[in-house]
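Me: Can you walk me through this one? I'm new to it.
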Amino acid sequence: MKNIKLLSIVIFAGLFTACEKEIDLEMNIKDNFMVLNAIINESSVIQCDLSLSTTLLEQKEYYGINDAVLTLYVDDEKVEELEYDGGKYVSGYTLKEGQEIMITGEHSTYEKIKAKTSIPTMSNAEIKSIYFSKENYSDYGYGNLNVKCEVVDPKGADYYRLEVWVPDIVYDEETDAFYCDISSYSGNTITSIDPVLNGNTVSTNDDFIDLPPNIYSVFDDTLFDGDSYTIDFEIEGTSYSSLLSDEEISEFLTAIIVDVQKISKDLYLYYKTVDAYGYYDESPFSEPVEIYYNVDGGAGILGCYTSNEISWNP
């Protein structure tokens, strides 16, 4: 019996030995390439950031490129070469809604890059209400503002982003009171359970539904294409608003600015994937998220948006 056990162990060990095989691992490490990043507002100066990619074997985090040739094309016609100024490639050309733009980049060492996008038309939007209640605020004066904003959407695929600007509330030591300073604004965080803002999926309390919070407040018109839709959202962390007088509250609410931006599809996909990448990055139960890019021959994003800054008129 002992001989049989010994023979079994020898055979079992031999099977593992026979399965051993040396495999040559060839790592395909891609050469460095150019990375172009430009998020352009049609009413502002064109600024492009150009840098060099890095590999896992390199230590440097950022390496700017200042000796490339970046060329701007509008509606397939060459406009000008961008000038390098203060770490950015800059153009003073005035863009218009509906134009198609392309930027190419050439360098003696790296592969040529090219990126295209289009300038969206301005959004059609109106703030329906902004509301908060003193009773809903904490003892420290922090709370959320509820905003309802109607967007009138044209027929066809459109993409949007919300940004809000809230006037600062300042404490005056001389009067021992808080007041609304309409000369100073801060950007505030938007939160919402509106199906449009939560990835165009209806939010639930199901613990198994795990969606990114949409920190960039982007949305498309899948649920209201060619129609109007009233988006319901909250502005987080409005400090000391509950300590204002009734007159200051009225001034404060009407001074809030909501920017209903129309954004290019490229920019929409970029924001969505950056949000998802940050949300799922450290989760062991999710697949890696690839950040969207539209630069041929390299990486990065070329996106455009138009602003429509609106205020509430009760």
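Reply: First, a term: buried means under 20% relative accessible area, exposed means over 50%, and partly exposed lies in between (1.4 Å probe, protein chains only). The model is predicted, so local features need pLDDT of at least 70, side-chain atom pairs count only at pLDDT 80 or more, and totals for chains, interfaces and linings use all residues. Residues are numbered from 1 along each chain as its sequence is written, and side-chain values use heavy atoms, with hydrogens and water left out.

Me: Is Tyr-159 buried or exposed?
Reply: Tyr-159 has a relative accessible area of 14%, so this residue is buried.

Me: How many aromatic pairs are there?
Reply: The count is eight aromatic pairs. Rings of Phe, Tyr and Trp (its six-membered ring) pair if their centres lie within 6.5 Å; planes under 30 degrees apart are stacked, over 60 edge-to-face, and the rest tilted. Tyr-159 and Tyr-268 make a tilted pair, 4.9 Å centre to centre with 40° between the planes.

Me: Where do Tyr-159 and Tyr-268 sit in the chain?
Reply: Tyr-159 is in strand E11 (residues 159-172) and Tyr-268 in helix H3 (residues 265-280). They are 109 residues apart, so the pair links distant parts of the chain. Helices (H or I, at least four residues) and strands (E, at least two) are DSSP runs, numbered from the N terminus. Tyr-268 is buried too, because its relative accessible area is 7%.

Me: What about Tyr-270 and Tyr-271?
Reply: They form a tilted pair: 5.9 Å between centres, 55° between planes. Tyr-270 is partly exposed at 22%, whereas Tyr-271 is buried at 8%.

Me: Which charged end sits over the ring of Tyr-271?
Reply: That of Arg-161, 4.7 Å from the ring centre. The rule: NZ of Lys or CZ of Arg within 6 Å of the ring centre and within 35 degrees of the ring normal.

Me: Which residues do ring pairs link into a cluster?
Reply: Tyr-160, Phe-219, Phe-224 and Tyr-229.

Me: New topic: sheets. What is the strand order in the open sheet of five strands?
Reply: The order is E4-E3-E7-E8-E17, with antiparallel pairing. Two strands pair if DSSP finds at least two bridges between them. Strands E4 (77-81) and E17 (295-296) are the edges, each pairing on one side only.

Me: How many bridges join E7 to E8?
Reply: Six, between E7 (residues 100-106) and E8 (residues 113-118). Glu-100 has Ser-118 in E8 as its bridge partner.

Me: And where is Ile-182?
Reply: Ile-182 is in strand E12 (residues 177-187). Its relative accessibility is 46%, so Ile-182 counts as partly exposed.
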